[in-house]
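I opened my notebook to jot down what I looked up in this structure. Here are the entries, in the order I made them.

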Amino acid sequence: MKKLENRIIQQEKLIKVYSANVIATMTDKKGFITYASDAFIKISGYSRDELLGKPHNIVRHIDVSKDVFADLWKTIKSGKTWVNEVKNRKKDGSSYWVIATVSPDYDENENIIGYTSVRQDITEKKKNERLHDELKTLFENLPTGFLTIDKDLKIKPNYSNECKRVLACEKLENLYFPDLVFGNDEVKKELFEYGFANILNASNDFSKELLISLLPKEHNLGDIWLALKYNNLKNGNTLVVLYDITSKKKMESKIKYEQQMQKMIIAIATHQHEAINLKNSFLLFLDNMDLIVDQHKDCNDIFIYLKRELHTFKGLFAQKEMVYLTNEIHEIESVFQNFYNSDFLNLKSLCFNMKRSLKEALKKDIEVIDNVLGKGYLENEEFVKVELSYFDKLSGELNYMIDQASSFNKEQLIQIQNKVNSFLQKPISYYFHSYPNLVKNLAADLGKEIEPLQIICNDYISVDKTYKPFFDSLVHVFRNSIDHGIETPEQRDQKSKPIIGKIVCEIELEKKNIIIKISDDGNGLDIDKILKKALDKNILTKKDLKNTEQNQIAKLIFEEEFTTNENSNTLSGRGIGLSAVKYEIDRLNGNIQIINNFEKGLKFIFSVPYPNIENFMELRSISLERVILDEVEIVAKNLLENDFELEVQKVEILEQWKIFDLFAIVSISKQRDIYYLLSFENGVGLRLLDFFLENDEAQEEKAKFLYSLIGEVLNTVAGLLMTGFKCDEADFYLSEILAFDISIIESLRKNNSYCSHKITTDYGDIVGTIIKINKQEKK
Amino acid sequence: MKIMVVDDAVIIRHTIKKMFNEIESCEVVCEAGNGYDAIEKFKQYKPDMVTMDITMEGKNGVKNGIEALEQIIKIEPKTIVVMLTSHGEEKLIMDAISKGAKGYILKPVKKEKLEKIAKQFQN
């Protein structure tokens with residue numbers, strides 16, 4: 001009996017524990033709840049009373065489809081157990097997830113009398129799963145490629161979808177990363193592998209970071225440009241982040257291409273004559289190629305000849321920025337590398353192919369030129385008319401590019417823009433060329449004797465049309481001088497002046513202004529007369545008078561409605577003449593000065609700002625080249641008479657030009673003599689100048705530094721030249737022909753001399769030119 | 001910070017020296033034009049930091065900047081050796097880093113680059 005009681009107590013305990021911990025319900029055959037455990041009550045949020053006798057679908061969640069329940073009923077009705085993850089609804093409307101196990105209950109006769117379901121709460125697990133799924137979806141669909149590689153550089157299984165796209169590969173697992181990414185570039189692949197081996201062996205994180213910074217950061221995979229970032233993970237794997245930077249690169253290259261085209265157009269348009277010559281001599285070279293191949297017996301001779309000629313042309317076309325042709329020649333040169341000791345047949349087919357590809361490349365360049373500068377621009381030497389609107393367009397495009405450009409490109413673009421604008425400029429004498437005639441005619445009309453008008457001006461000064469109205473308005477000044485200044489011959493005779501009057505116009509550049517001086521030797525201004533008039537016309541009051549200087553009074557003639565001559569005539573107008581000059585000069589922010597010498601003459605000095613000061617300098621530096629060459633010729637002549645070893649013949653800083661125009665002449669002798677001229681491009685000088693401006697060095701120190709710079713360059717040059725000496729060929733050439741007029745190069749070549757080599761230093765380019773090479777008999 | 005500048009080009013040495021001397025707390029105490037001299041000067045002046053050109057002509061068995069670096073690190077492991085290099089010399093820099101270089105500067109040398117390096121190693 002006690003045993004039985006104990007058992008009942010035990011059972012009740014068990015039921016309690018079961019009820020508290022197992023989420024269980026029982027239903028009758030139709031699904032009405034007959035039992036609900038405490039745990040079920042807790043999780044469902046209903047009270048027992050609310051549940052018992054109710055259909056079990058009270059807890060059904062709207063998200064769960066009918067099919068699930070259909071499947072449930074079908075299964076359990078057939079006597080089987082149904083197990084599934086189900087989302088249920090709480091009383092308050094919220095939800096929870098369970099794994100439900102539903103099985104039928106039977107009576108003694110094996111008839112189904114109801115169903116029992118027990119559940120396990122999997123809400124937390126479901127939450128995590130969902131979070132995981134969301135993160136995974138997010139990760140996989142990020143527009144950035146993420147992948148990890150292990151120590152063997154193999155790709156680990158998890159990576160974002162973007163990786164598949166940018167690497168054009170569906171399955172990346174276990175693939176060898178360097179092959180997949182850098183497969184098309186052996187050098188980069190090697191660098192990557194080398195770097196990684198070093199990273200794995202690195203002793204500390206600091207070195208690792210440094211080494212990572214040296215791995216390839218960008219890579220081109222045909223259609224796609226990738227940027228790569230690497231991150232060393234703690235577990236020894238490496239996270240690689242891939243960005244698609246194709247559109248950025250495309251934009252960059254488009255800007256670069258446009259810049260290149262602009263450069264070519266400008267190089268061609270500013271030196272049309274040269275470009276035509278160059279094109280013609282290149283075509284001649286191509287046409288004569290077969291003949292030369294047939295005439296020569298030694299294959300190697302022809303080969304060397306072709307190589308040399310092509311290299312020269314490459315330099316010349318590069319100067320003209322003709323990219324297609326330059327690139328094509330470059331390609332051919334690299335083919336030449338593998339072409340020693342060839343036979344004639346090979347050489348002939350090579351020439352044939354070469355001619356075709358070169359002509360095609362030339363055609364491409366010419367197409368671009370024709371499109372912009374007009375068809376047939378390189379066909380003849382006549383000038384070509386270009387629509388003004390084209391320049392506006394070009395200028396607009398440049399403006400846009402300048403806005404977009406980095407500071408480095410900006411400088412270059414602004415230079416290009418200056419050049420473009422210079423097309424629209426004319427030498428200042430152009431604007432004055434009609435004045436001598438005008439003065440002559442005026443003088444004749446007014447019965448005055450005047451020497452032909454002298455216009456003294458510097459043709460380096462060129463300006464655009466904004467100055468034209470001002471220059472045109474100067475007609476009034478000339479009229480004024482002839483009409484009011486220069487006396488009649490009789491009057492001049494009485495004053496014992498030369499009977500023939502004289503007007504001189506001088507134009508010069510002073511600091512950043514154009515100065516125009518127009519002077520005559522007439523009777524000057526009668527200040528008293530001007531004063532009287534000014535008072536009459538209320539331009540001045542008596543009060544003003546005390547404070548007004550002579551000079552100031554003279555300037556009154558430029559005021560509106562002012563004329564000193566009582567009888568206005570057709571030529572002097574009605575006093576509007578000089579005020580028009582004032583109007584125009586004000587517009588240009590210029591000013592007027594008058595030097596009055598009563599009875600003896602009058603001088604007007606007009607000053608207007610000149611924006612083209614840089615262009616001006618450029619023009620001057622062209623003539624600097626000429627100066628250097630002249631200088632060199634003299635030195636070279638002297639040197640020829642002596643024997644000499646390597647020495648620096650001359651180092652000069654041409655301070656009257658600019659601090660950075662320097663040159664050195666080097667002569668070298670062994671088997672032959674070489675005169676080598678070094679000159680510095682502006683860029684180098686500017687950088688040096690910057691360097692000095694930062695440090696307020698003494699003049700002496702500066703000079704010392706500049707000399708040591710030359711010394712340094714000479715080391716390099718001498719080294720290069722000496723190496724050249726060792727080979728027995730008649731001529732050698734250094735890396736690049738450049739920067740000289742084609743005619744100079746031609747003349748140098750005729751004299752068996754070669755020229756030009758550009759040395760790039762940290763400061764910029766230094767140009768070296770071999771001026772003359774003379775073969776010498778060995779002693 | 002005491003600095004030694006090693007480069008075979010006088011101009012570059014001159015430039016770096018001037019730039020460093022303008023940076024607060026930096027002082028160039030000596031310079032050398034090749035790896036061999038660099039080691040000798042290092043022993044004499046004991047600089048805290050060395051900027052070392054990676055490609056230099058050899059002298060007295062010291063072939064290039066990396067060899068000089070190795071020997072300097074052997075003498076004083078704490079020395080901050082920063083390599084001066086150009087693009088395309090990545091592998092050489094990697095070697096140098098593996099052999100104890102603490103950084104590298106890509107040419108052309110600019111004051112900002114030196115400032116950054118100096119700041120990084122100030123302490």
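I started with the surface of chain A: its accessible area comes to about 43900 Å², and 51% of that belongs to carbon and sulfur atoms. The areas come from the Shrake-Rupley method with a 1.4 Å probe, and for residues only the protein chains shown count as cover. Chain B exposes about 5700 Å², with 49% supplied by carbon and sulfur atoms.

Residues are numbered from 1 along each chain as its sequence is written, chains are lettered from A and ligands numbered from 1 in the order in which they are written, and side-chain values use heavy atoms, leaving out hydrogens and water.

Next I checked confidence. The model scores ipTM 0.86 and pTM 0.44. For chain B the mean pLDDT (the predictor's confidence in each residue, from 0 to 100) is 87, and 95% of its residues reach 70 or more. I keep in mind that where pLDDT is low, the predicted coordinates should not be read in detail.

Then I went through the secondary structure. Helices (H or I, at least four residues) and strands (E, at least two) are DSSP runs, numbered from the N terminus. Chain A has 29 helices and 22 strands. Chain B has five helices and five strands, and along the sequence they read β-α-β-α-β-α-β-α-β-α.

How much of each chain is buried? "Buried" here means under 20% relative accessible area, "exposed" over 50%, and "partly exposed" in between (1.4 Å probe, protein chains only). I noted 42% of the 779 residues of chain A and 51% of the 123 residues of chain B.

I looked up contacts too (heavy atoms within 4.5 Å). In chain A, 58% of the contacts between residues at least 6 apart in sequence join residues at least 24 apart.

On to the cores. A nonpolar core is a set of buried Ala, Val, Leu, Ile, Met, Phe, Trp, Tyr and Cys residues joined through side-chain atoms within 4.5 Å. The largest one has 54 residues, and those touching the most other members are A:L147, A:I149, A:F177, A:F192, A:L242, B:M52 and B:M83. Helix 3 (residues 65–75) of chain B gives the most to this core, with five residues. Another core, of 50 residues, lies apart from it, and A:I266 and A:F336 are among its members.

A:L147 made me curious about its neighbours: leaving out residues up to four places away in sequence, they include A:I155, A:F177 and A:L242.

Strands count as paired if DSSP finds at least two bridges between them. Two bridges join strand 6 (residues 145–149) to strand 7, with A:I149 and A:I155 as bridge partners.

A second open sheet in chain A has five strands in the order 12-14-15-17-16, with mixed pairing. Strand 12 (454–457) and strand 16 (591–597) each have a single partner strand, so one side of each is left without a neighbour in the sheet. Strands 15 and 17 of chain A pair in the antiparallel sense over eight bridges, and A:I514 stands opposite A:V608.

Last entry: A:S37 is in the loop between strand 2 (33–36) and helix 2 (38–44) of chain A. I have A:S37 down as buried because its relative accessibility is 0%.

How values were computed. This is a predicted model: local features need pLDDT of at least 70, side-chain atom pairs count only at pLDDT 80 or more; totals for chains, interfaces and linings use all residues.
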